[in-house]
Amino acid sequence: MNNPVHLYTPVHKGHRRRLCEMSVGAGRLDYTGQAALDALSEELKAVAKILRLHTGYEERFIHPMLSHRMPGGAEKLQADHRVINHMIDLLVAHFEGLKANDIASERRQTLGLEFYLALNRFIAFYLSHINEEEENAQPALWRLCTYDELVAAQDAIVASQTPEEATESLEMMIPALNLDEVAKLLGMAQKNASPQAFQNATTLAQRLLSAEEWMAVKALLGIA
């Protein structure tokens, strides 16, 4: 019997790690320092890009399977995505305004606190949303779709990514996964990607993992 295809959990683990790290960073930030503001601005924009791409992949490759097999099966998820993207837009706009040079230091600290609180409201909403996907949508997909259909959806998501997007996704996921999950992720790349793409993925994993972790992953993959 084939192992179940987890369309959500590996990438969501990466999202949880990245968002929690950003929350801690935003909470500790000195909002009067321009260099610190610029660094958080770049991270916010990078995470915004990742989440927008992710919701797009789900709407393109996963939601149709739910909708075709379950009346209204993806409606709440679609509605959540609209809220998620709107909240991201508001966060980015607020932070860019906060960076304006004519804002006094005390005012920046006040606006920084408002950004921090809004960021955590967004994270709370997003974490609830991805839990809904893992707890309800994923079991529905296992019940209503064949293994081959889920593998095809998984492969289509990977194939739709540019090399840059694939690297960003791996960089986000690998530090958040257990070693068995890392090996499965790289095994999928070994099976479906070009030899050069697989080599790039293993080089990235080796950089992100400790020497002991990388040895364990190589043993799971059966590579030297």
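Q: Before we start, what counts as buried here?
A: Buried means under 20% relative accessible area, with exposed over 50% and partly exposed in between, using a 1.4 Å probe and protein chains only. This is a predicted model, in which local features need pLDDT of at least 70 and side-chain atom pairs count only at pLDDT 80 or more, while totals for chains, interfaces and linings use all residues. Residues are numbered from 1 along each chain as its sequence is written, and side-chain values use heavy atoms, leaving out hydrogens and water.

Q: OK, how much of the chain is buried, then?
A: Of the 224 residues in the chain, 41% are buried.

Q: And how many helices and strands are there?
A: The chain has 9 helices and 0 strands, taken as DSSP runs (H or I of at least four residues for helices, E of at least two for strands) numbered from the N terminus.

Q: Switching to helix 1 and helix 4, at what angle do they cross?
A: The axes of helix 1 (residues 9-28) and helix 4 (residues 105-144) cross at roughly 165 degrees and come within 10 Å, where axes are lines fitted to C-alpha atoms over the stretch in contact and angles run from 0 to 180 degrees between N-to-C directions.

Q: Which residues of helix 1 meet helix 4 there?
A: Among them are His12, Arg16, Leu19 and Met22 of helix 1, and the residues they meet in helix 4 include Leu119, Ile123 and Tyr126, with contact meaning heavy atoms within 4.5 Å.

Q: What size of box do the C-alpha atoms fill?
A: Along the principal axes, the C-alpha atoms of the chain fill a box of roughly 60 × 50 × 25 Å.
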